[in-house]
Amino acid sequence: MRKILIVDDDNILANSLRKALSRLNYDAVIREGGNDALSFIKSQETDFILLDNKLPDMTGLEVLSHLKEMNVKVPVVIMTAYGTEDTTIESMKLGAYDYITKPFDLKELEGIMENGFNTYRLMQNTDETIPCLERETHDDQRMISVSKKMQKICKMIGQIAETDLTVLIRGESGTGKELIAQSIYQHSLRKDKYFLAVNSAAIPEALLESELLGYEQGAFTGAVKRKIGKFEQCDKGTLFLDEIGDMPLPIQAKLLRVLQHGEFERVGGTEKIKVDVRIIAATNKPLEEYIQKGLFREDLYYRLEAVTINVPPLRDRTDDIGPLTEYFFKKHSQKINNGVKNIHNTVFKKLESYSWPGNIRELSNTINRAVALTKGDILTDENIILGGLKLNTDNIDPSIKLINEVENKIKHAVEMELKLSEHDIMNKILLPLEKIIIYSVLEKCNWNQVQAAKILGISRTTLREKIKFFKN
């Protein structure tokens, strides 16, 4: 059971919070002052700290400073009834995972805590060996590769991990690119700072910019308070930009500025913010072709490829199939717990004869399905279903494919916003999308409002009102 330390001299709030966390199966304890909390942390292990900023003997920021000196590696969330930008920024600089303003919603706190546990789990994973890893969401998986190709990558990780070189990881989907990024981080001099991951393909452009750069209060409808972006939150740490090939060109330009000058401006702001962030990027896209087509900046490409790691597909490292199969078999059989204890030799032969277009992720799913289908105590090749469900997408309307992609990205954006807040979600998601649609059509029509209104399916009056709204 995870132990949560609540540091707050407000007995009513602290006890109410303790009871709520206990119902969520957390072991919550209360300390009223900063010195008392520091003594508790020195004597007992703690998994998460909820720290009020106004304490009888010191401020929460002072407690944070002591925790930093003590090298305490647990997520700390500052609780404050007086949420100012300076307090927020200073708490982040001192190593707080996040902050929350009183009164707060319990679900909002749950989301922050879960994200904090996941982030700090990666930070604490600092084994001396350099593993070649493959992980699925929410699982702490690791596998040592035996193939020569992957061992070369492991050696490269050892050579570059303690430098600040930008790294570009290239390879097909499912080959373990994010886990290689984590391995670089875990063996770097920045391992005590944040490792944050952003999927460039899963977030709409309007939201991706604010996710990376943050925004100022009033920058757009729904921006009720300043938000610190991933660059700022990750100062002195490592930022992993997955699917970098899908990053929109305007965001690429701002990323290039961070790489060149170590500075950026929040959305809606004018202040230049300096950061020291190591960038690790990954892609399964042919960036050279994207450059020729004008979809990717050539100058950014050369900035990213200071070190390039090419991850081979599973079909080119069949030596790894056996160890990976045994690993996934043990993992999935323990979860399913249906009495399957061994693997028949014919299973390995069948797996090694397959091309694995989905790579390690597909292998994991295949073993998971096979274990679930096995009736006896031995997994045989009869239970191995290769290829999965084949869908003929050749005749699907391209517009439908595009709509499906947009729907998936919007779903992801909603999930992210729900983790941060449960207020004004419609405006936060729909208004940026509406602005993109309207301005894209206007540009296509050379700002002919009559033609644009017809394409949009709205009246010219409505279009004028929306243009005026988005200009303000």
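**Close-up views of a predicted model**

**View 1. Ser22 in helix H1.** Ser22 has a relative accessible area of 35% and is therefore partly exposed (buried means under 20% relative accessible area, exposed over 50%, partly exposed in between, with a 1.4 Å probe and protein chains only). The residue belongs to helix H1, residues 11-23 (helices, H or I with at least four residues, and strands, E with at least two, are DSSP runs numbered from the N terminus). Between Ser22 and Lys3 there are 10.0 Å from C-alpha to C-alpha, at a separation of 19 residues in sequence.

This is a predicted model, in which local features need pLDDT of at least 70 and side-chain atom pairs count only at pLDDT 80 or more, while totals for chains, interfaces and linings use all residues. Residues are numbered from 1 along each chain as its sequence is written, and side-chain values use heavy atoms, with hydrogens and water left out.

**View 2. Lys230 in helix H9.** Helix H9 covers residues 230-233 and contains Lys230. Lys230 counts as buried because its relative accessibility is 17%. Leaving aside residues up to four places away in sequence, Lys230 touches Leu196, Val198, Glu211, Leu212 and Leu239 (contact means heavy atoms within 4.5 Å).

**View 3. Helices H13 and H14.** H13 (residues 321-336) packs against H14 (residues 345-352) at an angle of about 125°, and the axes are 10 Å apart (axes are lines fitted to C-alpha atoms, for helices over the stretch in contact, and angles run from 0 to 180 degrees between N-to-C directions). The two helices, H13 and H14, are therefore oblique to each other (angles under 35 degrees count as roughly parallel, over 145 as roughly antiparallel, 65 to 115 as roughly perpendicular and the rest as oblique). From H13, Ile321, Gly322, Thr325 and Glu326 meet Phe348, Leu351 and Glu352 of H14.

**View 4. An open sheet of five strands.** The five strands are arranged in the order S7-S10-S13-S6-S14, with parallel pairing (two strands pair if DSSP finds at least two bridges between them). At the edges are S7 (195-199) and S14 (307-310), each of which pairs on one side only. On average, neighbouring strands of the sheet are turned by 20° against each other, direction ignored. Helix H6 (residues 148-160) packs on this sheet and touches S6, S13 and S14; the direction of H6 makes about 160° with that of S14.

**View 5. The pairing of S6 with S13.** Four bridges join S6 (residues 167-170) and S13 (residues 278-283) in the parallel sense. Val167 has Ile280 in S13 as its bridge partner.
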